[in-house]
Each structure stands twice: as C-alpha cells, then as structure tokens.
Amino acid sequence: MRLYIFSNLKLNHMKKLTLLFTLLIACTTAFAQLNKEQCIAEWTRAKAYTKAYLDAMPADGYAFKATPEVRSFAQQMLHLAGDNYVFGAGATGKTAAADLTDVEKKVTPTKEAVTKTVLDSYDYVIAAIKAIPANELNKEVSFFNMKSTTALLLSKGFEHQTHHRGQTTVYLRLKGVKPPDEMLF
C-alpha cells in the first residue's frame, strides 16, 4: 500500500512539473508571437512599471546592496538598461555602441542619472521595435553567435528586464519602501 501511495504521489508531482514547464514554454512562445503594436505596448508598460520602481527608491537607497556580494539597486537598474540596449540592437541586427551597453560601469549611480539612463534604454528598445517592419518579426537574426528570431530576442530581452526589476523588490522592502503595485495591464 505504501509503495502505491508513494508512486501515486510521485506521478502527481511529475504531472505538475510537466504542466509547469509546458506553461513556461508557452508563455515565452506567446510573447514571441505578439504583433508589433502589442510588443510596443508591452515594452511601454514595462517602462512605466520600472519608472515606478525607480521613483519609489529614495535617492539614498540607490547605493544600497541587499548583501555585500550583490549589485546595488543602481547597478541592478543600470544592468537592466545595458541589456535593454543589447537586446534592442540585436533585434534590429545592429551592434549597440559600447557606451550604451556598458552603462553599469559608466553612469554615476545617482537617482537622477540612473533614472534617465534606464528610461532612455526603454525608449531605445521601443524605437527599435517601431523601426522593424511588422513582417520581419519572425526574421532570423544572429545574437552572440546564436540564431534567433527578432520576436524571440525581444521576448528574451523583456524577460531579462523583468527579472532584474523583480530583484529590486527585495531592495525596496529592505529599505522599508512598499514596492509599486503590479502593472500587468
């Protein structure tokens, strides 16, 4: 009887894991299949959501690190910005200028400078998407010696910025700041 219960629990666990992985793959694929206008709208929403995070952190919190080994709040946001440039350039098939992709090391980590840099990086991606002909979203592009479609590359960039913005939730909470409400729509 114990063996049956254990194997039944194990089977249910495997079914749940399979469902979870299927959903994760479907979500990434679904983003990659958005049309141009939807893609622009999602990046515009992400920009507003990130701005709410930048606004929420007090100026003295930009140098804050959750632990000594991790990036500061400013460094997290600047890393996000640098990779927005990388993914935006990759989606257009262009090479981003080094001064755009290396912002984490080059921008003064003040609230004003970080906010400007991060918001400019979203504008760069949004402009890049606007410049891509709608019928070329599924065009194959090279990215760091890999092949991808333009749309999939934009979805990976979107996932990246979401990940780093999400990490800063902990920074805000540790500084006693309530993170911005979710902006799913």
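## The model and its overall layout

Because the model is predicted, local features are taken only where pLDDT is at least 70 and side-chain atom pairs only at pLDDT 80 or more, whereas totals for chains, interfaces and linings use all residues. Residues are numbered from 1 along each chain as its sequence is written, and side-chain values use heavy atoms, with hydrogens and water left out.

The protein chain contains 7 helices and 2 strands, where helices (H or I, at least four residues) and strands (E, at least two) are DSSP runs numbered from the N terminus. Along the sequence these elements follow the pattern α-α-α-α-α-α-β-β-α. Of the 185 residues in the protein chain, 39% are buried, meaning that they have under 20% relative accessible area, while exposed means over 50% and partly exposed lies in between (1.4 Å probe, protein chains only). Among contacts (heavy atoms within 4.5 Å) between residues at least 6 apart in sequence, 73% join residues at least 24 apart.

## Helix α3

Helix α3 covers residues 73-92, and it is mostly covered, with 18 of its 20 residues buried. Just after α3, Gly93 takes a positive phi of about 80°.

## How α3 packs with α6

Two packed helices are described by the angle between their axes and the distance between the axes. Here the axes are lines fitted to C-alpha atoms over the stretch in contact, and angles run from 0 to 180 degrees between N-to-C directions. Helix α3 and helix α6 (residues 111-131) pack at about 20°, with their axes 9 Å apart. That makes α3 roughly parallel to α6, since angles under 35 degrees count as roughly parallel, over 145 as roughly antiparallel, 65 to 115 as roughly perpendicular and the rest as oblique.

Among the residues that meet in this contact are Met77, Leu78 and Tyr85 in α3, and Val114, Val118 and Val125 in α6. By class, the contact has 13 nonpolar, 5 polar and 1 charged residues, where Ala, Val, Leu, Ile, Met, Phe, Trp, Tyr, Cys and Pro count as nonpolar, Asp, Glu, Lys and Arg as charged, and the others, Gly among them, as polar.

Helix α7 (residues 150-174) has 25 residues and reaches 37 Å from its first C-alpha to its last, close to the 36 Å expected at 1.5 Å a residue. Just after α7, Gly176 takes a positive phi of about 80°.

The angle between α3 and α7 is about 175°, and their axes are 9 Å apart, which makes α3 roughly antiparallel to α7. The residues of this contact divide into 8 nonpolar, 11 polar and 3 charged. They include Phe73, Asp83 and Phe87 in α3, together with Lys156, His160 and Arg165 in α7.

## The loop between the strands

Phe144 lies in the loop between β1 (140-143) and β2 (146-149), and it has a positive phi of about 50° although it is not a glycine. With 59% relative accessibility, Phe144 counts as exposed.

Asn145 is found in the loop between β1 and β2, and its phi is near 65°, a positive value in a residue other than glycine. Asn145 is exposed, with a relative accessible area of 84%.

Terms used. The expected span of a helix is 1.5 Å times one less than its number of residues.
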